[in-house]
Amino acid sequence: MAERVAYITRVQSFSACHRLHSPDLSDEENKKVFGKCNNPNGHGHNYKVEVTVRGKIDAETGMVMNLTDLKRYIEDVIMTPLDHKNLDKDVPYFAKVVSTTENLAVYIWDHMVKELPEGLLYEVKIHETDKNIVVYRGE
Ligand SMILES: Nc1nc2c(c(=O)[nH]1)N=C([C@H](O)[C@H](O)COP(=O)(O)OP(=O)(O)OP(=O)(O)O)CN2
Ligand SMILES: [Zn+2]
């Protein structure tokens with residue numbers, strides 16, 4: 001049978017708070033750029049992350065990869081470090097990196113790509129709110 005390629009996705013939600021604030025900008029500039037999201041005491045989100053892997057459907061198993069394994073990687077990369085956390089204060093990566101959803105997607109990609117078999121990770125999509133969605137594909 002000809003080789004077939006499929007995309008499989010696992011969805012995971014987590015809750016976290018953050019403040020958009022750049023150490024490279026003055027307080028005034030931060031207020032101007034980030035507006036209400038620069039509130040000193042932060043604000044929270046119920047993030048929804050979609051992790052998609054792309055690969056050949058294995059002839060013997062019928063799977064690109066076992067979704068149960070993907071679930072375990074997501075637990076280690078997303079849930080343990082990020083769920084119910086203050087992103088800026090609890091996650092060392094964001095001490096100097098602004099916790100935008102773009103940078104959060106890069107964080108998740110960079111950690112997920114180390115766990116997964118080479119070449120499988122295709123996309124990290126984050127719904128910060130129902131209306132704000134970021135896609136990162138490792139570029
Ligand atoms: N490019 C980006 N822009 C913004 C980001 C981001 O991560 N990347 N993040 C924010 C804030 O974190 C903010 O929390 C967004 O919330 P809000 O504007 O309230 O969200 P909605 O637009 O979905 O809410 P409305 O109901 O439309 O008010 C801002 N910008
Ligand atoms: Zn926010």
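## Nonpolar core

A nonpolar core is a set of buried Ala, Val, Leu, Ile, Met, Phe, Trp, Tyr and Cys residues joined through C-beta atoms within 7 Å. In this predicted model, the largest such core has 21 residues. Those with the most contacts inside the core are Val49, Val51, Ile78, Ile108, Met112, Val124 and Ile126. Two or more residues of this core come from each of strand E2, helix H2, helix H4 (101-115) and strand E4 (121-127).

Apart from neighbours within four places in sequence, Val124 is in contact with Val49, Val51, Ala105, Ile108, Trp109, Met112 and Tyr136.

## Overall fold

The protein contains 4 helices and 5 strands, and along the sequence these follow the pattern β-α-β-α-β-α-α-β-β. The C-alpha trace spans about 65 × 25 × 25 Å along its principal axes.

Of the 139 residues of the protein, 20% count as buried. Among contacts between residues at least 6 apart in sequence, 67% join residues at least 24 apart.

## Strand pairing

Strand E1 (residues 5-18) pairs with two strands, E2 and E3. E1 and E2 run antiparallel and are joined by 14 bridges; in this pairing Val5 stands opposite Lys56 in E2. E1 and E3 run parallel and are joined by 2 bridges, with Cys17 opposite Asn86 in E3.

## Tyr47 in strand E2

Tyr47 lies in strand E2. Tyr47 is buried because 22 other C-beta atoms lie within 10 Å, and the cut-off for a buried residue is 20 or more. Not counting residues up to four places away in sequence, Tyr47 touches Ser13, Phe14, Ala16, Ile126, His127 and Glu128.

Tyr47 can also be placed relative to Ala6. The two residues are 41 positions apart in sequence, and their C-alpha atoms are 26 Å apart in space.

## Annotated positions

An unreviewed UniProt entry places the feature "active site" at Cys37, His84 and Glu128. Cys37 is found in the loop between helix H1 (27-34) and strand E2 (43-56). With 15 other C-beta atoms within 10 Å, Cys37 is partly exposed. Leaving out residues up to four places away in sequence, Cys37 touches Leu20 and His43.

His84 sits in the loop between helix H2 (67-82) and strand E3 (85-86). His84 has 11 C-beta neighbours inside 10 Å and therefore counts as exposed, the limit for that class being 12 or fewer. Beyond its neighbours within four places in sequence, His84 is in contact with Ser15 and Ala16. The remaining position in the UniProt annotation, Glu128, is among the residues that Tyr47 touches.

The residues around ligand 1 are Leu20, Cys37, His43, Thr100, Thr101, Glu102, Glu128, Thr129, Lys131 and Asn132. By class, this shell has 2 nonpolar, 5 polar and 3 charged residues.

Two of the positions annotated by UniProt as "active site", Cys37 and Glu128, are listed in the shell. The shell also includes Leu20 and His43, the residues that Cys37 touches when those up to four places away in sequence are not counted.

Notes:
Residues are numbered from 1 along each chain as its sequence is written. Chains are lettered from A and ligands numbered from 1 in the order in which they are written. This is a predicted model: local features need pLDDT of at least 70, side-chain atom pairs count only at pLDDT 80 or more; totals for chains, interfaces and linings use all residues. Two residues are in contact if their C-beta atoms, placed from the backbone, lie within 7 Å. UniProt positions are given in the numbering used here, feature names are shortened, and annotations may be inferred rather than shown by experiment. A residue is near a molecule or strand if its C-beta atom, placed from the backbone, lies within 6 Å of it. Ala, Val, Leu, Ile, Met, Phe, Trp, Tyr, Cys and Pro count as nonpolar, Asp, Glu, Lys and Arg as charged, and the others, Gly among them, as polar. Two strands pair if DSSP finds at least two bridges between them.
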